[in-house]
Amino acid sequence: MKTSSVAELLQSDVTLQQVSLKGWVRTFRSNRFIALNDGSTLHNIQCVVDFENTKEETLKRITTGASVSITGTLVESQGKGQSLEVQVSSLEILGDSNPDEYPIQPKKHSLEFLRENAHLRVRTNTFSAVMRVRSKLSFAVHKYFQENGFNYVNTPIVTGSDAEGAGEMFRVSTFDPNKAPVTEEGEIDYKQDFFGKETNLTVSGQLEAETYAMALGKVYTFGPTFRAENSNTTRHLAEFWMIEPEVAFMDLEGNMDLSEDFIKSVLSYVLEHCKDDLAFLDQRLTQEEKSKPQAQRSDMSLLEKIHFVVDNNFKRVSYTEAFDILRNSKPNKKKKFQYLIQEWGADLQSEHERYLVEKHFKCPVILFDYPATIKAFYMRLNDDGKTVRAMDVLFPGIGEIAGGSQREERLDVLQEKIKAMGIDEKELWWYLDLRKYGTAVHSGFGLGFERLVQFATGMGNIRDVIPFPRTPQNAEF
């Protein structure tokens with residue numbers, strides 16, 4: 001007999017059929033009622049055991065966390081709380097679970113406790129819902145790009161370049177740390193290392209993606225990236241996934257169009273395909289908000305935030321216009337902002353970005369034409385000599401969700417910027433070649449996938465939207 005998933009059975013309109021299913025016991029009460037879940041849906045299915053004809057030894061082994069195989073008849077439920085249930089005809093214990101040791105008991109656990117048990121936390125309603133939404137979002141990313149003429153490119157994880165110029169990278173080496181060879185100057189001799197040069201884990205696939213965009217036209221990367229930033233905030237991970245499209249012959253306007261269309265598309269997909277999980281997460285967030293002080297509560301529910309993005313046009317505003325708005329705003333004048341806006345050129349913080357989205361424009365915002373001094377070397381310099389063709393997409397609740405730019409396509413200007421930032425031109429010879437051989441206007445953006453999952457699920461800590469978070473002093477599992 002075919003094994004059915006819980007999701008399939010709960011959607012079935014054919015009762016009195018023989019079914020087979022496997023899953024994990026969520027609860028077992030009155031020696032009769034099993035709440036069974038197999039991960040296919042948020043919902044459990046009730047399986048009713050004939051305890052009079054079931055061995056006592058077997059009944060004792062039906063504990064929370066145990067895996068079981070069940071065959072029986074799918075019938076309309078006579079009890080409350082479910083429309084269908086399975087009348088069990090045979091039951092086999094596939095894997096025992098010691099109730100005195102199993103950490104994920106049927107009660108409320110703190111998120112901190114669940115992070116310590118990240119290998120089991122996905123068995124809870126919250127994390128199973130989050131990870132199903134993550135899965136659907138991931139599929140939606142590929143679906144969007146594949147249906148819009150993009151080619152998927154796998155860019156290197158091990159790299160010799162620092163795309164962001166921040167220097168916060170994880171070194172990759174085969175040297176024994178206690179016996180690394182050194183040069184006459186006493187420095188580590190990376191010429192003798194595996195790759196013959198100093199290498200690191202990538203912080204971005206952008207630079208390599210540009211090379212493919214300049215041949216294939218429209219490409220995207222979607223892979224793991226790494227940043228050795230010693231940060232323990234709710235917004236940072238040392239290992240995370242980045243979505244990075246790059247498009248030849250596209251300027252900043254086209255880049256803004258692409259980012260808005262892409263974001264609306266993937267969020268619309270999960271609205272359609274994750275209704276139960278989003279409804280549960282929406283309710284969860286509403287309850288969580290009630291425990292916060294009034295001033296810290298969000299004005300929107302989770303579903304309202306998602307629709308806020310999907311249903312509104314993104315307002316496009318220059319950095320200079322946004323700066324003037326913020327400098328003259330009540331929170332700034334009354335010194336309510338933690339970081340006061342005083343001089344043009346300041347790097348905007350999350351509180352400023354959220355003010356623009358939630359209070360001033362009341363819609364998602366794309367800021368563009370940022371000061372060159374606070375942006376990366378590869379962004380195209382405007383004619384004013386002080387701003388670059390950069391853009392950031394701002395969301396309610398979190399601020400920046402994506403950042404990108406029109407790339408600098410002029411060889412001489414790019415060389416000057418590389419030199420001014422102290423970057424070794426020899427390390428980027430191949431990147432400069434793109435400006436020598438058929439250069440053209442091109443643009444792209446990067447969107448941290450976990451930030452997107454965080455927004456779509458309403459989770460307050462980014463460590464709770466990736467299966468096994470990597471953070472300072474934490475590489476468990």
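1. Leaving aside its neighbours within four places in sequence, with which residues is Val-393 in contact? In this predicted model, the contacts of Val-393 are Ser-259, Ile-263, Phe-314, Val-365, Ile-366, Gly-399, Glu-400, Ile-401 and Ala-402. Val-393 belongs to strand β14, residues 387–395. Its relative accessibility is 0%, so Val-393 counts as buried, the limit being under 20%.

2. Strand β3 (residues 45–48) is covered on both faces: Ile-45 and Cys-47 are buried on one side, Gln-46 and Val-48 on the other. Strand β2 (residues 33–37) pairs with β3 in the antiparallel sense over four bridges, and Cys-47 is the bridge partner of Ile-34. Strand β5 (residues 84–95) pairs with β3 in the parallel sense over three bridges; here Glu-85 is the bridge partner of Gln-46.

3. The count of aromatic pairs comes to 22. Phe-194 and Phe-195 form an edge-to-face pair, because their ring planes stand at 80° with the centres 4.9 Å apart. Phe-194 is exposed, at 61% relative accessible area, whereas Phe-195 is partly exposed, at 45%.

4. Tyr-319 and Phe-323 form a stacked pair, 6.4 Å centre to centre with 15° between the planes. Both residues lie in helix α9 (residues 319–327), four residues apart, about one turn of the helix. Tyr-319 and Phe-323 are both buried.

5. Arg-435 lies over the face of Tyr-431, 4.2 Å from the ring centre.

Methods. Residues are numbered from 1 along each chain as its sequence is written. This is a predicted model: local features need pLDDT of at least 70, side-chain atom pairs count only at pLDDT 80 or more; totals for chains, interfaces and linings use all residues. Side-chain values use heavy atoms; hydrogens and water are left out. Buried means under 20% relative accessible area, exposed over 50%, partly exposed in between (1.4 Å probe, protein chains only). Helices (H or I, at least four residues) and strands (E, at least two) are DSSP runs, numbered from the N terminus. Two strands pair if DSSP finds at least two bridges between them. Contact means heavy atoms within 4.5 Å. Rings of Phe, Tyr and Trp (its six-membered ring) pair if their centres lie within 6.5 Å; planes under 30 degrees apart count as stacked, over 60 as edge-to-face and the rest as tilted. A charge sits over a ring if NZ of Lys or CZ of Arg is within 6 Å of the ring centre and within 35 degrees of the ring normal.
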